[in-house]
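Reader: Could you walk me through how to read charges and strands in a model like this one?
Author: Gladly, let us look together.

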Amino acid sequence: MPPALCPDLSAIETATLGHFLTEGFMAPAIQALIPDRRIWGPALTVRLPGVDGSALVEALSIAAPGEVIVIDRCGDLRHACFGAVTAQAAVARGVAGVVIDGFVTDLSALLALGLPIWCRGRSPVTTRNRQMAGHVGGTVTCGGSMVSRGDIILADESGVVVLDPATVAENAAIARQMQHAEIDILRRLKAGETLKAIQAETKPDDDGTRRSLLNLSFRQQRGQP
């Protein structure tokens with residue numbers, strides 16, 4: 001999906017999607033380097049094995065504005081593949097952000113630059129431009145989730161989720177309804193009602209869980225039981 005066709009997810013929280021979706025969520029260890037950021041956009045995938053960082057150089061030469069660079073480190077838990085130079089290159093291309101199943105370096109420079117990055121942490125040991133392996137634009141695995149180029153990435157303070165372009169608008173609409181309902185639930189709790197009493201008004205799903213009142217209403221409006 002081209003970035004211009006991606007629906008507006010600026011108000012959608014990954015944690016809300018986690019109330020009714022079960023697939024596509026990356027490992028919780030992949031977290032935002034800078035708090036209070038939310039990004040969304042189509043994925044530009046990069047497979048970056050071991051010490052070879054050459055595929056990232058290629059990705060940073062073709063990335064389109066609004067894309068989210070998603071880097072599969074192929075299980076490497078030692079080398080940082082992203083730092084001051086690559087971050088500056090990403091900003092110059094106008095990418096929305098970067099998600100790495102691995103580590104970064106040059107923390108002070110990254111924070112000063114302000115590029116939204118999700119990663120597993122930091123390492124002083126870096127990759128090299130060896131031009132031996134890796135690829136750009138194929139299907140990769142990041143944080144335990146499969147990602148193909150053009151899949152929609154949503155990342156915020158709670159984590160990262162991969163969304164199907166074909167259903168992202170529908171799932172965003174459900175999430176928006178649920179978040180609106182949560183405002184009323186919080187109001188009622190502050191007014192003295194108990195959570196048990198409020199939840200008693202919702203209909204259990206097949207798995208025994210309870211969703212928000214407005215999510216149930218949304219489903220019923222669409223003719224779903």
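Author: What follows is a short talk about salt bridges, a charged patch and a sheet. This is a predicted model, where local features need pLDDT of at least 70, side-chain atom pairs count only at pLDDT 80 or more, and totals for chains, interfaces and linings use all residues. Residues are numbered from 1 along each chain as its sequence is written, and side-chain values use heavy atoms, with hydrogens and water left out.

Reader: How many salt bridges does the structure hold?
Author: Side chains of opposite charge can pair when their charged atoms come close. The term salt bridge here means a side-chain nitrogen of Lys or Arg within 4 Å of a carboxyl oxygen of Asp or Glu. The structure holds six of them. One of these joins Asp156 to Arg38, with 3.8 Å between the closest N and O atoms. Asp156 is in strand E12 (residues 152-156) and Arg38 is in the loop between strand E1 (31-32) and strand E2 (39-47), so this pair ties together parts that are 118 residues apart in sequence. Helices (H or I, at least four residues) and strands (E, at least two) are DSSP runs, numbered from the N terminus.

Reader: Is Asp156 buried or exposed?
Author: Buried means under 20% relative accessible area, exposed over 50%, and partly exposed in between (1.4 Å probe, protein chains only). Asp156 has 2% relative accessibility, so it counts as buried, while Arg38 is partly exposed at 29%.

Reader: Which residue does Arg187 form a salt bridge with?
Author: Arg187 pairs with Asp184, their closest N and O atoms being 2.6 Å apart. Both lie in helix H5 (residues 168-190), three residues apart, about one turn of the helix.

Reader: Which residues form the negative surface patch?
Author: A patch gathers residues with over 30% relative accessible area and no salt bridge, joining like charges within 9 Å and nonpolar side chains (Val, Leu, Ile, Met, Phe, Trp, Tyr) within 5 Å. Asp and Glu count as negative, Lys and Arg as positive; His and the chain ends are not counted. Here the patch consists of Glu13, Asp36, Glu157 and Glu182. Glu13 sits in the segment before helix H1 (14-17) and is partly exposed, at 33%.

Reader: What is the strand order in the open sheet?
Author: Two strands pair if DSSP finds at least two bridges between them. The open sheet has three strands in the order E4-E6-E8, with parallel pairing. Strand E4 (80-82) and strand E8 (121-122) are the edge strands, each pairing on one side only.

Terms used: Areas by Shrake-Rupley, 256 points an atom, 1.4 Å probe, with all protein chains shown as cover. Charge placed at Lys NZ, Arg CZ, Asp CG, Glu CD.
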